[in-house]
Amino acid sequence: MPLLLALLALVGLVLVADAEKLAAELARFDLWLLLPVLGLSLINYTLRWLRWEIYLARLGVRLPRPRSLAVFLVGFLLGITPGKAGELGKAWIIRELGGGPARRVVPAVLAERVTDLAGALLLLAPGALTLPGGPWIAAAALASAAALVLLLTWRRAAVRVFALLGRLPLVGRRMHMLAELYDGVRDLISPGRLELGLVLAMVAWGAEGMGFWLVIREYDPSAGALLALFNYTASTCLGGLSVLPGGLVAVEGMLTALLDSQGLSTAAAASATLIIRAATLWFAVLLGLAALPFVGHWLRRRRRG
C-alpha cells in the first residue's frame, strides 16, 4: 500500500509538472547539498529519540539504549501506515524484548504524536506572519496547539467522557484500560515535561524545515527561511492528520501546490518536493530497514532463550 501510494504521488507530480521539465529541474539540483539536508534530518531523529528515551524512563520502561534506538528507528517503518497507527507496534516490540508490558509503553507513542503535532502547529505561527492574513493564521495555529494540549490534560472533562463511554456495552469493560492510557499520556504532557517535549519537537521539525529551505534555495535563491518553514510544517501537519500512510499523496500535493502558488514553477516545486521527501520520509524508512535485522535478531534470541 505505501509503495503504491508513493508511486501514485510520483506519477501525479510527473503529470502535473511535465516529465521533461521535472527531469531537468531534478538534474540541476546539486547532490552535494543532500549532505547537510540529511544531516538536519538526523538532528530531527536524534532529538525525537532523546524525547522517546525521556518518556520511557518516566514510564519505568528499561531497555538498553542500542535496543531502544533500534525500536525507535523501526518505528519509522511502522509509521508508514494509515494515521501512523502502526507505530503502536513499538510497544509490542519493547514487550517482546523484555522492556515491560506493552500497555505501559503506549502512552509514550501517543505523547510523541501529541507533542509532534503541537510543536509543528507552533512552528507554523512565525512562518505564517510572512503571508497575507498571516496574523490570523498564526493565531489559529497557536490556538489549535493550545486546544490540543488542553483537550488531553483537562481531567474533569476526561472523567465525564469516560463516564459516558462506560455506559456503552462494548467499551465499558475496557474503560479501565483507556483511563490508564489517558493517565499515562497526561503525565507525560503535564507541566514541566510538556515544555521539554514541545521544545524538542519544535527544534527537531525546525531542523527538517531548514533542510527544506536549503533545497528551495537551489530553485529560488531569494526564498525566505520563515516561509519555507511554514510550507514544510503545514504539509507535515497535514501528513500527521491524514489517514494515508506517511501522509503520502497529501503531503506531496500540498507542498507542491504551496510552492507553485508562491511563484515557483510547477516543475521546480515538484522537484523540491520529491527531494525533501526523499531526504526525510524515505531516509527515515531506510534507517528503519537498517535497524530491522537487529530487532529481529534480538527477538529470535529471546524466544530461543
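## The largest pocket and its lining

In this predicted model, helices H3 (34–58), H4 (65–78), H6 (102–128), H10 (193–219), H11 (225–241), H12 (250–261), H13 (266–279) and H14 (281–304) each contribute at least two residues to the lining of the largest pocket. Helices here are DSSP runs of H or I with at least four residues, strands are runs of E with at least two, and both are numbered from the N terminus. A pocket is an open set of points on a 1 Å grid over the protein atoms alone, with protein on both sides within 12 Å along at least five of seven lines, whereas a cavity is a set of points where a 1.4 Å probe fits but cannot get out; lining residues have an atom within 4 Å of a point.

The largest pocket holds about 710 Å³ of space, a volume being the space filled by probe spheres set on grid points that are joined across faces, edges and corners. Its lining comprises 37 residues, of which Lys84, Arg113, Trp205, Gly239 and Gly240 are the closest to the centre. By class, this lining has 20 nonpolar, 10 polar and seven charged residues, where Ala, Val, Leu, Ile, Met, Phe, Trp, Tyr, Cys and Pro count as nonpolar, Asp, Glu, Lys and Arg as charged, and the others, Gly among them, as polar.

Asp116 lies in helix H6 and counts as buried because its relative accessibility is 6%; buried means under 20% relative accessible area, exposed over 50%, and partly exposed in between, with a 1.4 Å probe and protein chains only. Leaving aside neighbours within four places in sequence, Asp116 is in contact with Arg48, Arg51, Ala201 and Trp205, contact meaning heavy atoms within 4.5 Å.

## Nonpolar cores

A nonpolar core is a set of buried Ala, Val, Leu, Ile, Met, Phe, Trp, Tyr and Cys residues joined through side-chain atoms within 4.5 Å. The largest such core has 51 residues, and Trp52, Leu56, Ile94, Leu97, Val105, Ala108 and Leu124 touch the most other members. H6 supplies the largest share of this core, 13 residues. A second, separate core of 23 residues includes Val37, Phe212, Val215 and Leu259.

Beyond its neighbours within four places in sequence, Ala108 is in contact with Trp52, Tyr55, Leu56, Leu59 and Leu188.

## Gly211 and the chain as a whole

Gly211, found in helix H10, is buried because its relative accessible area is 1%. Its C-alpha atom is separated by 9.4 Å from that of Leu33, 178 residues apart along the chain, and, leaving aside neighbours within four places in sequence, Gly211 is in contact with Val37, Leu40 and Ile276.

The chain has 14 helices and zero strands, and 46% of its 305 residues count as buried. Among contacts with a separation of 6 or more, 74% join residues 24 or more positions apart.

## Basis of the values

Residues are numbered from 1 along each chain as its sequence is written, and side-chain values use heavy atoms, with hydrogens and water left out. As this is a predicted model, local features need pLDDT of at least 70 and side-chain atom pairs count only at pLDDT 80 or more, while totals for chains, interfaces and linings use all residues.
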